[in-house]
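I opened the model today to look up a few local features. My entries follow the order in which I checked them.

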Amino acid sequence: MLYTNVCKHCFKTFKSRYKRNTCSDCIGLDDAHFDEIEAYLKKYPNSNALQISEALGITAFEVLNYLKEGRLELGRGYFERLDEVNFEDNEV
Ligand SMILES: [Zn+2]
């Protein structure tokens with residue numbers, strides 16, 4: 001069976017055998033953005049998704065997806081307060 005995924009970078013819909021948040025075109029971008037976010041959080045550890053998004057030009061949607069993937073671990077409760085970034089789960 002195939003999963004229908006939405007790429008968090010270009011919002012293209014694509015199918016894959018495993019759940020993924022990044023299409024094959026955006027894999028490189030994914031790693032680059034992740035490195036940027038990680039570096040930013042080292043400098044400003046208490047940033048929330050919106051601040052990261054504004055500072056780096058990365059959508060808050062994407063930042064939150066790194067959290068969902070377990071690649072970013074903040075655990076400080078800041079992200080939970082972002083009520084306005086209440087996006088739907090795209091998993092089918
Ligand atoms: Zn993409």
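**Hairpin**

I looked at the hairpin of strand 1 and strand 2 first: there are 6 residues between the strands, and F11 has a positive phi near 60 degrees. Strands here are DSSP E runs of at least two residues and helices are H or I runs of at least four, numbered from the N terminus. The model is predicted, so I note the limits: local features need pLDDT of at least 70, side-chain atom pairs count only at pLDDT 80 or more, and totals for chains, interfaces and linings use all residues. Residues are numbered from 1 along each chain as its sequence is written.

I found strand 1 and strand 2 paired in the antiparallel sense over 4 bridges (pairing requires at least two DSSP bridges). N5 is opposite F14 in strand 2.

**C10**

I located C10 in the loop between strand 1 (3-6) and strand 2 (13-16). C10 counts as partly exposed because it has 13 C-beta neighbours inside 10 Å; buried means 20 or more other C-beta atoms within 10 Å, exposed 12 or fewer, partly exposed in between, with C-beta atoms placed from the backbone. Beyond neighbours within four places in sequence, C10 is in contact with C23, D25 and C26 (contact: backbone-placed C-beta atoms within 7 Å). C10 and C26 are 16 residues apart in sequence, and their C-alpha atoms are 7.7 Å apart.

**Helix 1**

I listed D30, H33 and I37 as buried in helix 1. They cover an arc of only 75 degrees around the axis, so they are on the same side of helix 1; the arc is taken from the directions from the helix axis to the C-beta atoms. The buried residues of helix 1 pack against helix 2 (49-56) and helix 3 (60-68). Exposed residues on the other side of helix 1 include G28, D31 and K43.

Conventions. Two residues are in contact if their C-beta atoms, placed from the backbone, lie within 7 Å.
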